[in-house]
Amino acid sequence: MPAPASLVIRRGTEADLPHVHALIVELAVYERAPDEVTNTLADMRRDGFGPEPIFGFFVAETPEQGILGIALFYTGYSTWKGRMLYLEDLVVTEAARGTGIGKLLFDAVVAEARRTGAHRLKWQVLEWNEPAIGFYKKIGADLDPEWHNGNLSEAQLRAYACNAAVEAAVAQSLRNA
């Protein structure tokens, strides 16, 4: 089934955030982690539309059905390559999957990477998510089996024992900036 003829891909706005958050929750359910979403609408407003925005997103929508998908991204930096764009999540509602909407959202992120002069586009895909893996292979992407993902949770960040002098120096550098 093709994407609806009335489908529009556009840059997301602050007014879209309730729909975006709902899609993030839908993705968490799909990824078998429904209780892991702690991000709030207030967090997203601050982080996407506050004085120092750190992410952007595109939406796929129709006048009849509203928002059917999102692609949320942010700028990263590679010490080897320089500026890169990181695709955090590409989500299409379950009912609209397989219509080409995901490809159109991916195209928008590629266009954004080109527009901003990014030298690389990166993302992750769960090893069991065969539909997504198939999609990425179909477009010719490299799925690198050599790299492991490292993460510290919020609790782990709090518990981590930083060198006190280094932590104080970082805090002082911000006061002097």
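Visitor: Which residues of α3 are buried?
Guide: This is a predicted model, in which local features need pLDDT of at least 70, side-chain atom pairs count only at pLDDT 80 or more, and totals for chains, interfaces and linings use all residues. Residues are numbered from 1 along each chain as its sequence is written, and side-chain values use heavy atoms, leaving out hydrogens and water. Buried means under 20% relative accessible area, exposed over 50% and partly exposed in between, with a 1.4 Å probe and protein chains only. In α3, the buried residues are I101, G102, L105, F106, A108, V109, E112 and A113.

Visitor: Within what arc do the buried residues of α3 fall?
Guide: The arc is taken over the directions from the helix axis to the C-beta atoms. Seen down the axis, the buried residues line one face of α3, because they fall within an arc of 150°.

Visitor: Which residues are exposed on the other side of α3?
Guide: Helices are DSSP runs of H or I with at least four residues, strands are runs of E with at least two, and both are numbered from the N terminus. The buried residues of α3 have cover that includes β1 (8–11), β2 (56–62), β3 (66–78), β4 (82–92), β5 (121–122) and α4 (130–138). On the other side, the exposed residues are R114 and R115.

Visitor: At what angle do α1 and α2 cross?
Guide: Axes are lines fitted to C-alpha atoms, for helices over the stretch in contact, and angles run from 0 to 180 degrees between N-to-C directions. The axes of α1 (residues 17–30) and α2 (residues 41–49) come within 10 Å, and they cross at roughly 115°.

Visitor: Which residues of α2 meet α1?
Guide: Contact means heavy atoms within 4.5 Å. From α1, the residues taking part are L17, P18, V20, H21 and I24. They meet, in α2, L41, M44, R45 and F49.

Visitor: What is the phi of R32?
Guide: R32 sits in the loop between α1 and α2, and it is exposed at 62% relative accessible area. Most residues other than glycine have a negative phi. R32 is not a glycine, yet its phi is positive, at about 65°.

Visitor: Which residues does T93 contact, leaving aside neighbours within four places in sequence?
Guide: T93 lies in the loop between β4 and α3. At 15% relative accessibility, T93 counts as buried. Its contacts are L23, E26, I67 and L68.
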